[in-house]
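Colleague: I would like to go through this model with you and ask, for each label you use, what it rests on.
Modeller: Please do, and I will set each value against its definition.

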Amino acid sequence: MMTRAFTRKAVAGALLAASALSFGMTASQPSPSEAQVAAPAPAAPLQIVAMRRISEAQYRNTIADIFGPDIRVAGRFEPIVRPAHELIASGASDAAISPTGIENFDAMARVIAAQVFDEKHRGQFVPCTPADAKAGDDACAKATLAPLGRYLFRRALSDSETAFYTQLAGEAAAKSGSFWKGLELSLAAMLVSPNYLYVIERAEADPANPGQMRLDNHTRATRLAMMLWNSGPNEALLKAAEEGRLTDQAQLDAVASRMVNSPRFEQGVRAFFADMLLFEKFDDLAKDPVVYPYFNQEVAAALPEQTLRTITDLLLTRNGDYRQLFTTNRTWMTRVLGPLYQVPVHRSAGWEPYDFKAGDDRAGILGQAGFLSIYSHSGRSSPTLRGRAIREVLMCQPVPNPPGNVNFTAVQDIHNKATPTARDRLQQHATDPTCSGCHRITDPVGLSLEKFDGIGAFRATENDTPISSAGTIDGVDFQGAEGLGKLLSESPATTQCVASRALEYAVGKPAEDSSVIEAMDKKFGASGYSIRSLFLTVATLPEAWRVKGATIPDNAKVSLTGTNLAGRAASKR
Amino acid sequence: MAYDLSRRTALKGMLNGAGVVVGVPLLNAFLDGNGEAMAATGAAVPVRFGTWFWGLGVNPNRWFPTKVGANYDLKPELLPIKAFQSKINVYGNFNVPLDGAPNLPHATGGPAIRTGRALTAERGLPGESFDVTIGDLIGKRSRFSSLEMSASGDARNSLSGRGGGNLNPSEVSAGGLYQRVFGTGFQDPNNATFTPDPVTMARRSVLSGVTEQRQSLMSTVGAEDKQKLDQYFTSIRQLENQLDVQLTKPEPMQACVVPHKIPELPVNAEIETVMKNHEFMTDLLVMALACDQTRVFNMMFNNGASSLTRIGSTITHHQLTHEEVLDNRLGYQPEATYFLTRIMEAWVYFVSALDKVKEGNRTLLDNTLVLAHSETEFAKFHTIDNIPIMTAGGAGGRVKTGLFVDGIGTPVSRVGLSIQQAFGVPVDRWGTKSMETNKTITEIMA
């Protein structure tokens with residue numbers, strides 16, 4: 001907290017200096033001629049090639065980075081729809097914002113803006129004193145809003161945009177009779193602007209490949225920040241973009257390398273795995289309290305955290321091999337998880353490392369209650385859901401949906417004495433040819449985890465019958481989570497899968513070119529399957545910065561940042 | 001240097017004239033005519049449209065009537081609607097032809113009814129849902145263009161949206177719904193005094209500023225992103241409308257009684273919790289309609305692959321429909337059917353809550369049309385032909401009620417087409433491929 005607050009003050013200081021330099025403002029009102037002059041079109045034509053809605057975490061992180069962690073973000077975020085078999089990061093490329101969504105974003109924006117300019121905080125963000133606190137002050141508004149806008153829009157505001165937001169602040173100040181209210185409303189307008197709510201990716205002509213396009217410097221800065229740190233670009237990245245350094249491969253490599261070695265990379269890794277492992281399922285996780293008395297909301301909140309701690313501890317703190325995620329005995333425990341795992345937890349608060357013993361069968365993330373409970377029903381385990389998740393989520397092998405006209409009469413109820421365990425019941429699927437095609441792919445994998453119930457607690461029997469944890473995957477027999485973890489760690493599908501997900505996560509579209517994935521996987525292997533190395537590869541992959549099929553249309557030679565706004569500002573006066 | 005002066009300038013003019021109560025012209029557009037006049041003011045009563053969804057269908061032979069037309073017979077599972085039969089239409093034998101697209105279990109049926117299109121991938125909605133189309137016509141001037149609710153939780157549980165990545169998210173708690181409708185920004189239409197809030201005025205002008213960024217962005221985007229931006233600005237316009245409403249003295253609404261604050265309740269899929277949430281949400285919605293805060297709504301009782309449970313059960317409603325043995329003596333699955341009984345109970349609660357509110361000589365239900373439907377006919381087999389559908393209410397006299405309509409295997413999009421036409425959407429053909437139809441269900445059109 002201390003460092004963060006300190007950094008913020010330093011940044012605010014830097015903002016102040018920068019704004020004074022670039023705008024050279026005095027306290028006088030800009031004359032019409034000045035506003036007229038301030039509407040140049042950018043030299044090079046840019047084309048918008050993607051608009052990706054920022055996620056809830058990216059929104060929160062951005063606000064905390066710019067305004068400090070004590071600024072409360074209160075409100076409900078419109079969820080981004082996950083396309084089947086894809087990442088939410090890909091869904092974000094399709095995501096529109098509904099009226100309800102805007103309503104919520106607007107309410108959040110006003111809450112944030114009111115805090116930023118309240119008496120406690122305004123000193124950090126307003127580098128000047130308004131001539132009259134009860135009226136507008138264009139110079140002071142501009143000096144305040146332009147630097148903030150640069151962080152929010154992830155690029156410097158154009159002159160016309162600056163004039164526009166300054167003018168909004170002035171008008172709102174006049175109407176509300178308060179300079180601060182004016183700033184507040186203008187900042188709130190920035191926070192609902194598509195320039196903030198969407199990561200807008202722009203392309204420019206690629207001098208190295210005539211006729212082709214590449215992502216421009218600011219897009220690169222934002223993509224690096226969002227992919228690696230799950231937040232908007234900071235001062236250093238914006239500066240690198242402004243100086244045109246991110247289109248230079250060597251400098252891009254250096255920046256990306258610094259970023260994956262920063263402690264902030266953990267935030268990025270967490271966000272990536274939460275997306276890849278479908279952690280949104282935890283949002284609505286509910287278990288039957290009678291069937292599972294050990295389950296409650298505190299447990300539900302601790303489960304994803306346990307898995308994420310296991311991941312970041314192994315892959316970042318210990319710089320481990322990605323494949324060990326399926327075999328590691330090391331995890332993290334907190335008090336509320338003790339009863340579920342039946343292990344003593346010494347610390348009354350916080351997390352402590354814990355090593356499972358060999359016979360516990362809690363190998364890797366698949367042996368953890370988080371995975372086991374989200375891929376279960378509310379009142380019992382599901383070998384089918386678990387097997388399907390292993391195939392689809394960890395190996396990137398989509399399993400077909402059940403046919404629409406499937407006849408389920410073959411499947412028996414759980415009270416049938418002849419079929420006491422899930423294995424017996426699922427046998428019914430395996431004997432029905434319509435079902436067996438897909439269930440053969442999923443069930444023999446998931447059945448190996450049957451000793452863990454619907455919340456991932458250990459059990460030896462079901463309906464008083466001993467449970468077998470024998471499993472089969474792609475023709476190989478194994479036992480339990482340990483056997484499964486070992487096979488997954490040896491399977492090329494798992495490392496290729498995470499490589500393709502990392503690329504999809506970066507570009508916001510499912511990876512299509514298998515040769516690129518194979519090459520990435522090779523490099524990943526050469527690094528000892530280091531997640532840092534994988535993300536560094538993705539971040540510096542020349543293919544990821546090229547824009548496929550995009551050419552420069554004639555009509556794109558238009559100012560991006562809206563001469564009409566400047567025109568409006570000018571003509572108003 | 002062209003830019004759109006119209007709204008913003010008009011508003012500024014208004015604001016500069018400080019303290020002026022904002023505009024009569026707006027109010028004229030506010031009301032859509034055709035309905036009855038309110039006794040108090042002579043203004044027309046608004047008509048409303050909404051949907052009520054439940055997952056996992058019915059036991060067809062125990063639910064669908066046999067006798068076509070008025071005074072249809074009520075089988076055991078439909079018997080609960082008896083008291084409201086004269087206000088409810090039932091629709092049977094309407095099909096969902098997919099033209100070779102896969103029947104994605106529990107995912108295909110709902111969107112087919114709402115969009116007239118077959119789902120080709122599990123990626124949001126295949127097109128604009130027609131509640132949104134109707135909302136564009138009748139919901140533009142109310143404070144909320146529509147209200148979406150899911151009584152069983154999960155904001156993603158929604159069948160409403162403009163297609164693709166746009167899904168109107170559902171409110172999942174009654175407390176949240178209360179806050180949204182009756183919290184900050186709510187104006188009691190029956191208050192005698194009205195003073196526009198200066199900060200709202202300032203916000204309104206700021207927002208119209210945001211709208212002016214449209215051109216500059218539009219000129220440089222590709223088609224897909226253009227669509228997204230269009231939707232974004234449509235949403236912004238709705239927010240502007242909301243503020244316009246707040247800046248306008250509301251028409252008195254005879255039946256509007258501002259409800260009490262709702263306590264925070266648990267949200268999960270356990271049936272008793274869902275029933276309770278649904279009741280609270282329904283009561284709030286009814287007042288949101290009576291106070292004219294919205295004219296379009298979408299209630300999801302549960303989700304398609306219903307995750308409803310009963311305390312102590314190891315198995316969900318969805319699993320039951322597939323795994324419970326058909327009781328040979330009864331001829332249906334008793335445990336799964338328990339949930340259907342509760343669902344019909346909830347539906348009757350919903351209809352009766354609307355019918356209790358008097359508006360002129362009619363009730364709120366009479367001035368509303370609620371389309372209720374499931375996503376499958378018989379869940380055990382995922383069948384999507386003959387999905388159970390009802391409408392309740394007469395849309396202010398535009399739709400005849402109390403009928404069982406036999407679709408004789410024609411596409412289900414006829415229902416969507418007819419309802420849109422009843423609300424005055426200028427459409428003579430709706431749906432795609434085999435679901436494209438121009439055949440209005442004439443039996444129900446008043």
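Predicted model: local features only at pLDDT ≥ 70, side-chain atom pairs only at ≥ 80, totals over all residues.

Colleague: Why is α22(A) said to be largely enclosed by the rest of the structure?
Modeller: Because 14 of the 16 residues of α22(A) are buried, a residue being buried if 20 or more other C-beta atoms lie within 10 Å of its own, exposed if 12 or fewer, and partly exposed in between, with C-beta atoms placed from the backbone. Residues are numbered from 1 along each chain as its sequence is written, and chains are lettered from A and ligands numbered from 1 in the order in which they are written.

Colleague: What makes residues 492-507 of chain A a helix whose span agrees with expectation?
Modeller: Helices (H or I, at least four residues) and strands (E, at least two) are DSSP runs, numbered from the N terminus. The expected span is 1.5 Å times one less than the number of residues, so the 16 residues of α22(A) should span 22 Å, and the end C-alpha atoms are 23 Å apart, which agrees. Just after α22(A) comes Gly508(A), with a positive phi of about 80°.

Colleague: Why does Asp65(A) count as buried?
Modeller: Asp65(A) has 21 C-beta neighbours inside 10 Å, and therefore counts as buried. Its place is in helix α3 (residues 56-67) of chain A, where Gln58(A), Tyr59(A) and Ile63(A) are among the other buried residues.

Colleague: Which residues does Asp65(A) touch, leaving out those up to four places away in sequence?
Modeller: Asp65(A) touches Ser231(A), Gly232(A) and Asn234(A), where contact requires that the C-beta atoms, placed from the backbone, lie within 7 Å. The buried residues of α3(A) as a group pack against α5, α7 (138-153), α11 and α14 (265-276) of chain A. After α3(A) comes Gly68(A), whose phi is positive, near 100°.

Colleague: How do you know that the span of α3(A) agrees with its length?
Modeller: The twelve residues of α3(A) should span 16 Å at 1.5 Å a residue, and the end C-alpha atoms are 16 Å apart, which agrees.

Colleague: Why is one side of β1 and of β10 in chain A left without a neighbour in the sheet?
Modeller: Four strands of chain A form an open sheet in the order β1-β2-β3-β10, with antiparallel pairing. Because β1 and β10 (546-547) stand at the edges, each with a single partner strand, one side of each is left without a neighbour. Two strands pair if DSSP finds at least two bridges between them; β1(A) and β2(A) have six, and three join β2 (residues 198-205) to β3 (residues 213-215) of chain A. Arg52(A) stands opposite Val199(A) in β2(A), and Ala203(A) opposite Leu215(A) in β3(A).

Colleague: What makes β2(A) mostly covered?
Modeller: Six of the eight residues of β2(A) are buried. Helix α11 (residues 217-229) of chain A lies across β2 and β3, at about 140° to β2(A), where axes are lines fitted to C-alpha atoms, for helices over the stretch in contact, and angles run from 0 to 180 degrees between N-to-C directions.

Colleague: Which strands of the eight-stranded sheet in chain B are edge strands?
Modeller: That open sheet has the order β2-β10-β3-β9-β8-β1-β5-β4, with mixed pairing. Its edge strands are β2 (69-70) and β4 (147-150) of chain B, since each pairs on one side only. Four bridges join β4(B) to β5 (residues 296-300) of chain B, in parallel, with Glu148(B) opposite Asn298(B).

Colleague: What makes α10(B) mostly covered?
Modeller: 15 of the 20 residues of α10(B) are buried. The helix, residues 271-290, reaches 28 Å from its first C-alpha to its last, close to the 28 Å expected.

Colleague: How many residues does the largest nonpolar core have?
Modeller: It has 170 residues, and Leu224(A) is one of those with the most contacts inside it. A nonpolar core is a set of buried Ala, Val, Leu, Ile, Met, Phe, Trp, Tyr and Cys residues joined through C-beta atoms within 7 Å. Apart from it lies another core, of 91 residues, among them Tyr72(B) and Val412(B).

Definitions and conventions
Contact = placed C-beta atoms within 7 Å.
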